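Work through the exercises below with the model open. Each task is followed by a stepwise solution.

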Amino acid sequence: MTRSKERKLVAEARNGSEDAARQLVDSHKDRLFAFVWRIMRKHDEAEDICQEAFLRAFDSLDSFSSQYRFSTWLFTIGYRLCLNHIRRRKSLTGEMDFSSLASPEPDAAVCLAESEDARLMKSKIWEAVGRLSPPQKAAVMLFYREGMSCEDIARTLEIPMATVKSHLHRARGRLRDSLAALVKDWTQIPSLRDIAS
Amino acid sequence: MITCQNARDLFDLYLDGELSASLQTELHAHCLQCLSCQNELAMLETCGDVIALDRGEPRLSASFTDRVLAARRSRMVSAPRRWPLVLARVGLPLAAAASITLAILLTMPGENTRTITAGQKVAQPEDVQNLLIGQTGASRSEAALKELRMTPKVASSGFVNELLTPLIEQGRVTVERTMRGTEDLKFLIQRSLADGNQPLQELWQATQVEMPVFEFSTDSPGPSIRWWETPTIIPLEPAEQDTLEAL
Ligand SMILES: [Zn+2]
């Protein structure tokens, strides 16, 4: 969605247009859900958080500054809600945060064309991502999936840029530790970019 | 020729796309000769590719958009848009109720939150305070933060949490909405007073109530909404006057 189209929809939604609100939801929901689900790993919870994120975004459209992208704003709200939920989970269950345990919920069925090896490797990689801390998961998703710069991630997660870099650095370190033994020669996986898509 | 340690120290900058061209050349030269570094870099790049491209997440329910819009409609219906006298009567008691609730919560005899068994609900006072004051530190005003820091951290029992949390959340939303209505109203009144609207001026004088000024976060990176302030009368610019008349 172009920036000017987005600004127009935000302005219309602010004036109460349901059609504009619907377009904003439809064009952002999958990205937001992917981000939130990767942090929470629970379908119901992730949907609730996404719904609340949209409602809060709509509630405060009046103070939305057009210098931000609507998506950035949604990710900010969604991330705050995730942290609140995780905090609440911890208070309900002692100190355990289940989102950092491996795959409480499996990833959706992967596409048919890929080989068993590729499927296994991808699931191992996602398992390793699932074991990262929530801020590390958030930073990694925004960096790789959303293609955000460290500066944009810092603004979205409301943390200093140095912290973003350290999250990415530690996340890579943990991925390396979990995955190093999985494949002998990673340079021999040339087609993964095609398979993954 | 750089060492393996040097090369690994450059991985992050390289993957973040922040490595200078000359150091990139150094890194590539090293990797051509060092299978171990080459392998590690390939692994990290593969991980990045999978995270970027593999859409392994489950799908949102088909009814998601409809549910969001329905919830939005019901929130919009409940948003109050009232007159200042009504606001003073509704808004102040609400704010008072919120602070009384906070006071009750903070003076409740606490239970030890560390010795609970699994599944037992225990209120974290921080959570309740977060609900009352906003979501995260970043969006709170300095004054609110200071107040929060001065608030003693005590535990309250699970049932209090269960009972009051939804009420507080509901109260917070209502207060937020009331304040937004107030902002709109303030604008209209300023315009009308500047216009010399006599009946409105009289009504306005009659409803002057002294109210505290405090900020309330709305979870957005934009400016936060301010509580009621006595409006200054802004004379209209001729151009604005035209626009207003055209409406
Ligand atoms: Zn090396």
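**Exercise 1. A helix in its surroundings**

In α6(A), A:P134, A:Q136, A:K137, A:A138, A:A139, A:V140, A:M141, A:L142, A:F143, A:Y144 and A:R145 are buried. Buried means under 20% relative accessible area, exposed over 50%, partly exposed in between (1.4 Å probe, protein chains only).

The ground rules come next. This is a predicted model: local features need pLDDT of at least 70, side-chain atom pairs count only at pLDDT 80 or more, and totals for chains, interfaces and linings use all residues. Residues are numbered from 1 along each chain as its sequence is written, chains are lettered from A and ligands numbered from 1 in the order in which they are written, and side-chain values use heavy atoms, leaving out hydrogens and water.

Solution. 
- Step 1. Helices (H or I, at least four residues) and strands (E, at least two) are DSSP runs, numbered from the N terminus.
- Step 2. Just after α6(A), A:G147 has a positive phi of about 65°.

**Exercise 2. Rings and charges**

Task: find the ring partner of A:F143 and the charge over its face.

Solution. 
- Step 1. Over all chains there are eight aromatic pairs. Rings of Phe, Tyr and Trp (its six-membered ring) pair if their centres lie within 6.5 Å; planes under 30 degrees apart count as stacked, over 60 as edge-to-face and the rest as tilted.
- Step 2. A:F143 pairs edge-to-face with A:Y144, at 4.9 Å centre to centre and 85° between the planes.
- Step 3. Relative accessibility is 12% for A:F143 and 18% for A:Y144.
- Step 4. A:R172 lies over the face of A:F143, 5.6 Å from the ring centre. A charge sits over a ring if NZ of Lys or CZ of Arg is within 6 Å of the ring centre and within 35 degrees of the ring normal.
- Step 5. Ring pairs also join A:F54, A:F58, A:F64, A:F70, A:W73 and B:F64 into a cluster. The charged end of B:R72 sits over the ring of A:F58, 4.8 Å from its centre.

**Exercise 3. The zinc site**

Task: which atoms coordinate the zinc ion, and what is the geometry of its site?

Solution. 
- Step 1. The donors are B:C4 (SG), B:H30 (NE2), B:C34 (SG) and B:C37 (SG), at 2.1 to 2.4 Å. Donors are N, O and S atoms within 2.8 Å of the metal (3.2 Å for Na, K and Ca); water is not among the atoms, so sites may look incomplete.
- Step 2. Angles among the four donor atoms run from 101 to 116°, and the site is tetrahedral. For four donors, that label requires all angles between 85 and 135 degrees.
- Step 3. Along the chain, the donor spacing is C-x25-H-x3-C-x2-C.
- Step 4. B:C4 lies in α1 (4-15) of chain B and B:C34 in the loop between α2 (21-33) and α3 (35-53) of chain B, so the pair ties together parts that are 30 residues apart in sequence.
- Step 5. B:C4 is partly exposed at 34% relative accessibility, whereas B:C34 is buried at 13%.

Technical notes. Four donors count as tetrahedral if all angles lie between 85 and 135 degrees; four count as square planar and six as octahedral if opposite donors are over 155 degrees apart and all others between 65 and 115; anything else is irregular.
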